[in-house]
Amino acid sequence: MIKSENRLRKNKHFRYIYKHGETKTYKVLTVTFVETKFKTIKVGFSVSKKIGKSVVRNKVKRRLRESFVSLQKNIKPNRNYIFTAKQGIENLDFHEIRQNMMEILKKNGLYIENN
RNA sequence: GUAGUUAGCCAGAUGAUCGCAGUAUAGUUGUUGUGACUAUAAUGAGGAAAGUCCGAGCCUCGUAGAACAGGGUGCCAGUUAACUGCUGGUGAAGGUGACUUUAAGGAAAGUGCAACAGAAAAUAUACCGCCCACAUUUUUGUGAGUAAGGUUGAAAUGGAGGUGUAAGAGACCCCCGCAUACUUGGUAACAAGUGUGGCAUUGUAAACCCCACCUGAGGCAAGGUUAAAAAAGACAAAUAUGUUGUUCGCAUCGUCUUUUAAAAACACCGCUUGAUUGCAAUGGAGACAUUGUAACUAGAUAGAUGAUCAUCUAAUACAGAACUCGGCUUAUAGACUAACUACACUA
RNA sequence: GCGGGAGUGGCUCAGUGGUAGAGCGUUGCCUUGCCAAGGCAAAUGUCGCGAGUUCGAAUCUCGUCUUCCGCU
């Protein structure tokens, strides 16, 4: 799981990012990000009621968190991110979601290759 | 063997690696604030956590008082903290049966409604009829009697048979039903029996209503702690304010309203030891109660149970705690246990 | 988490227990050289779903599904 220092916690943080950040969409994921002066990455996840019932939503959130943790070392720092799930994500398994997240980050130049 | 009825139980397991939550212990660091980090330990979603349909705890409302209104419940007895719950019984309905279902008080307190059809729909009424008399005339009319039969309808003024009669009729008789009184049994609902009456008094209360009993309102986003300000306006001794609607009663003297600022955010308390859970014994027909013994078993706040791999397997369904508990209702794959019933076959 | 509404033709809505309606739209015909407007007809409903009460339910009762609104 994500450590508490890497989490977005307050409603006003979310609202700030939505207001000032850039939004990019690819397949079943939307990423919103904004540059900050702090080095630590902060991340939040948003899964709306359109995706499904509470069991389904929790499952999607868990998979998104787990994907983020596995990719965390390669994500550009000094930024805050919000990942929003879109309809269709509930039918994908963990590996497909991880692949989708990696692709969306690469496309927008937020992914650092291992070298 | 087939089909079924009732009751109960389970809701994947094991191992490996990585990771989250609060708790306890130890260490490091640090402050408005036991706050952050590290290590170790054990623990960490359900049978419905769901719907929010009932009931209760708990909290707040300075008032919790009364009457009416409004709302709820409705066979009897028991059970429970309480209940539209549960248990046992009575009546009624369904099923060959095991068994199941049941909003089941009152229609001689009053009001309303009963479309169409039908003679007639609650008021005793007569379309086709039956029978008698008279007239006309040879099938009609008038008058009197009658309601057995026919027709309509969801429902037709006790049922079927006999006596009786001009024809008929509870007019009378037997049996059944109904009403009522008494006796017996039962805590009671009610049941059985005996006598009397002689058919009035249709249905509908999940129509208004009557009767009996219950009912203050709002809800953890309740409410409290750290915790402390200023300005403007309204009202002035009965106005105003207050807790569903109305009236009365009651309480408050400085109260109320608006605006701005701060506190204040990684906040804290409420928050989980409780009508608790497991086991055993005793009492009871049962729901349940009592006693003993053991256990402590989520407490998050962008919101914790996951990811990957392996093995077993039928392993799949419905589904995620948000103050707590007791019920009800609804969703649900698959597996298992016990008792019983009907039918068929065999001995 | 707590509370309160709605569901009827394709759309917007009436309908207080007795044959399901209105407007707009749709289709056909008339009118016109053609179209619009106008006129005359017609079709279109498991009254969200499942039970119950009743002789009879869109309507009354219970359950359920969908959807909307308020409190933060």
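Modeller: Let us begin with a term: a residue is called buried when its relative accessible area is under 20%. Please keep in mind that the model shown is predicted.

Colleague: Which residues of α2 are buried?

Modeller: The cut-off for a buried residue is under 20% relative accessible area. In α2, the residues that count as buried are Arg57, Val60, Leu64, Ser67, Phe68 and Leu71.

Colleague: Within what arc do the buried residues of α2 fall, seen down its axis?

Modeller: The buried residues of α2 include Val60 and Leu64. Their cover includes β2, β3, β4 and α3. Seen down the helix axis, the buried residues line one face of α2, because they fall within an arc of 100°.

Colleague: How far apart are the end C-alpha atoms of α2?

Modeller: The helix α2 has 18 residues, and at 1.5 Å a residue it should span 26 Å. The model agrees with this expectation, as the end C-alpha atoms are apart by 26 Å.

Colleague: In what order do the elements of chain A run from the N terminus?

Modeller: The secondary structure of chain A comprises three helices and four strands. Read from the N terminus on, their order is α-β-β-β-α-β-α.

Colleague: Which element supplies the largest share of the largest nonpolar core?

Modeller: This core has 25 residues, and those with the most contacts inside it include Leu64, Phe68 and Leu105. At least two residues of the core come from each of β2 (29-35), β3 (42-46), α2 (54-71), β4 (79-85) and α3 (94-107). The largest share, five residues, is that of α3.

Colleague: Leaving aside neighbours within four places in sequence, which residues is leucine 105 in contact with?

Modeller: Leucine 105 is among the residues with the most contacts inside the largest nonpolar core. Once its neighbours within four places in sequence are left aside, its contacts are Ile75, Phe83, Leu110 and Tyr111.

Colleague: Which residue in the turn between β1 and β2 has a positive phi?

Modeller: Strand β1 (residues 22-26) is joined to β2 by five bridges, and the two run antiparallel. Within this pairing, threonine 23 stands opposite threonine 32. The two strands form a hairpin with two residues between them, and the turn residue with a positive phi, about 55°, is lysine 27.

Methods:
Residues are numbered from 1 along each chain as its sequence is written. Chains are lettered from A and ligands numbered from 1 in the order in which they are written. This is a predicted model: local features need pLDDT of at least 70, side-chain atom pairs count only at pLDDT 80 or more; totals for chains, interfaces and linings use all residues. Side-chain values use heavy atoms; hydrogens and water are left out. A nonpolar core is a set of buried Ala, Val, Leu, Ile, Met, Phe, Trp, Tyr and Cys residues joined through side-chain atoms within 4.5 Å. Buried means under 20% relative accessible area, exposed over 50%, partly exposed in between (1.4 Å probe, protein chains only). Contact means heavy atoms within 4.5 Å. The expected span of a helix is 1.5 Å times one less than its number of residues. The arc is that of the directions from the helix axis to the C-beta atoms. Two strands pair if DSSP finds at least two bridges between them.
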